[in-house]
Amino acid sequence: MANEDIALNSEQLLALYHMMVLIRRTEEQLARAHQMGLVPGPCHTYVGEEAIAAGVCANLREDDVVFSTHRGHGHALAKGVSPRAVAAELFGKATGCSQGRGGSMHLFAPEIGLMGTSGIVGPSILQGAGAGYSFKLLASDQVSVAFFGDGAVSNGAFHEGLNMAAIWDLPVIFVCEDNMYATEVAFRDATRVQDVAQRARVSYDMAAVRVDGNDVLAVHRAAEEAVARARAGGGPSLIDCKTYRARPHAEGMRDGGYRSAEEMQAWKERDPIAAHAAWLIEAGHAEAADLDAIEAQVNSTVDDAIEFARASPFPDPSTAADFIFGAGG
Amino acid sequence: MREITFTEAAREALTEQMALDPSIFVVGEGIGERGGNFNTTLGLYEKYGPMRLRDTPIVERGFVGMCAGAAMTGARPVVDFMIVDFILDSMGELLNQISKIQYMSSGRIKMPMVLRGCIGIGGAAATHHSGSYYPLFVHIPGFRVALPSNPYDAKGLLTTALTGDNPVLFLEHKLLLNRRGSVPEEAYKLPYGQAAVLREGSAATVVALAVMVPKVLQICDELAKDGLDIEVIDPRTLAPLDTTTILESVRKTGRLLIADETFGPCGIGAEISAQVMEQGFDDLDAPIARLNGAHTPTPYSPTLENAVIPDQAAITKAIRDLVAE
Ligand SMILES: Cc1ncc(C[n+]2csc(CCOP(=O)(O)OP(=O)(O)O)c2C)c(N)n1
Ligand SMILES: [Mg+2]
């Protein structure tokens, strides 16, 4: 990896590693739990894309907000939701971060800025822009992040959301996770312009960069600039992260036919965690034993989370219609 | 008390609340310097500028979805659709996001948002500018739906909407906008889910919605001369719907007609009728009657347009038939 001028200290660099491993192990355990029938609904994992959530969210404060997608476990963990609360939610338990109302696609922890993952492709872009509008209206220096996949780029929400954020200079960071496929539809078949950053620049005059989404330091650096720009009143940015999902679209779905074994293998060799580990050692920020220690610590955290989820109670059926309305009118 | 128009009353509510709450902002097409196609924001841009009176491109889905994000993070958006038919471009954001987020977040996220616009048939506006659509929103859990029929209710219901935590459809029938009525100068809130009994009577109950309210009241004044005392109820809000007041009235009169300009199938009349059947069957002395506009897109030519709405003769006949049952 070509990351000469790294402004991060060893502790921060290891924290990125820690977060990526935490996401990976949580996802692997959730996938296993899904196979065992412990996750009653769908489960879209983030395996292979960990560098994006880790690299972006490391630049956020707790009061900054994130709007996420159906593939949002990684965003939730990186924003600070505990593995226990994520696992319990997927298990459908009362202790889940959405108290069992949401599952994999509806993770909420607004108290720490996770404003929701979503079962619908597109709205994260609009809602992310809207939070930016709020912060500008209320003269707050909070920023808003909208994650979305390549599948959302051809949706009207992309055009409408980016356009509004641009014309009103909203403090928003749009993060495109281009993993080359929307379910089984290849991005190259969905658009004439796969360079999403170019679209943002040309169509909306927005600051935009294209980065290797499997390089956590590249993502981190792009996000750092974008967050600083937004916080300083400099308006929105787009980060176009090129990446690849290592598992099927959702657990239990087939993964052949639409992508080749060679392609999958080539991306496996660009695994973001292995790459960062190798770089940390090579650059002298860690020794193999340090990384092993992180791994061991994460393993026990995730084991605990799964055990917590398993042992937690299901929600009380009498609460099924609670919280439809707030106060007043 | 001074008399002002429906539009002035609603604008007064917005003006008062914008002065009190800096998190309120309005989005829409022409609601900035222009003051709104229907004068909904007249004079406010000069006071509050573009961040709070936000003229938008023509992106109904976009700005509704954007306002969801704003409402979730401490602001209080008012979406001014001008004509409510335009809301249809944003249905995914409304039905799949805005109505569900308080619930999905277990009440931790609030969704204080007002969605306002003109409804109804009139003025040869034709089918893309004559819709009402409120049964769609009543069907979905998570919306409040206000349907004021007079200036007093317009101000009070909008004030409540602007101070609560919920997404509120505030629907303004275009033929009511210039009607005048007594309105207090100070701010006041009207509760949702509380119908108004506008006329007491014993021969039958008529539940009238929006523009049907003044029409029905006028007809009932005529019928009174023939000794027919009709009770007239304006639900004022459809979600929540005050079925208690309707049931009490039916207990007294034994007869019920629901007069609604919009479509019959799966409509408000069908809902009220089912609820009265379930909860007040023994009080009924006659089958419940519904009077609706024709189940058709709205045509342009005045002769056709008049043919799809219940006119004075149709309303009078419906009431007389009900009493004669
Ligand atoms: C509006 C909408 N249409 C269809 C779907 C079904 N769906 C779920 S995920 C998905 C593909 C999304 O692809 P992308 O945005 O690239 O995200 P990825 O799954 O690759 O992370 C589709 C079509 C949906 N959730 N929302
Ligand atoms: Mg994709």
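Predicted model: local features only at pLDDT ≥ 70, side-chain atom pairs only at ≥ 80, totals over all residues.
Chain B is divided into domain 1, covering 3-182, and domain 2, covering 196-324. The C-alpha centres of these two domains of chain B lie 27 Å apart. Their contact takes 24 residues from domain 1 of chain B and 24 residues from domain 2 of chain B. On the side of domain 1 of chain B that touches domain 2 of chain B, at least two residues each are supplied by α6 (134-139), β6 (144-146) and α7 (151-163) of chain B. The most is given by α6(B), with 4 residues. This side of domain 1 of chain B has 15 nonpolar, 6 polar and 3 charged residues.

Chain A also holds an open sheet of 5 strands, in the order β1-β2-β3-β7-β6, and here the pairing is parallel. At its edges stand β1 and β6 (207-212) of chain A, each with a single partner strand, so one side of each has no neighbour in the sheet. Neighbouring strands are turned against each other by 20° on average, direction ignored. Strand β3 (residues 172-178) of chain A pairs with strand β7 (residues 237-242) of chain A in the parallel sense over 6 bridges. A:Val175 stands opposite A:Ile239 in β7(A). Helix α5(A) packs on the sheet and touches β1, β2 (144-149) and β3 of chain A, its direction making about 170° with that of β2(A).

Elsewhere in chain A, the axes of helix α2 (residues 50-57) and helix α9 (residues 216-231) come within 8 Å and cross at roughly 35°. The crossing is right-handed. The contact is made by A:Ala51, A:Ile52, A:Ala54, A:Gly55 and A:Val56 of α2(A), together with A:Val216, A:Val219, A:His220 and A:Ala223 of α9(A). By class, the residues of this contact are 7 nonpolar, 2 polar and no charged.

The contact between the chains takes 38 residues from chain A and 43 residues from chain B. On the side of chain A that touches chain B, two or more residues each come from β1 (65-67), α5 (123-137) and α6 (156-167) of chain A. Helix α5(A), which also packs on the sheet of chain A, gives the most to this side, with 11 residues. The side of chain A that touches chain B has 19 nonpolar, 15 polar and 4 charged residues.

Around ligand 1 there are 16 residues, of which A:Arg71, A:Val121, A:Gly149, A:Gly151 and A:Ala182 come nearest. The shell around ligand 1 divides into 5 nonpolar, 8 polar and 3 charged residues.

Technical notes. Residues numbered from 1 in each chain as written. Chains lettered and ligands numbered in written order. Axes fitted to C-alpha atoms, helices over the stretch in contact; angles between N-to-C directions. Left-handed = near helix turned anticlockwise from the far one by under 90°. Contact = placed C-beta atoms within 7 Å. Nonpolar A, V, L, I, M, F, W, Y, C, P; charged D, E, K, R; others polar. Domains from an automatic or database assignment. Near = placed C-beta within 6 Å. Pairing = 2+ DSSP bridges.
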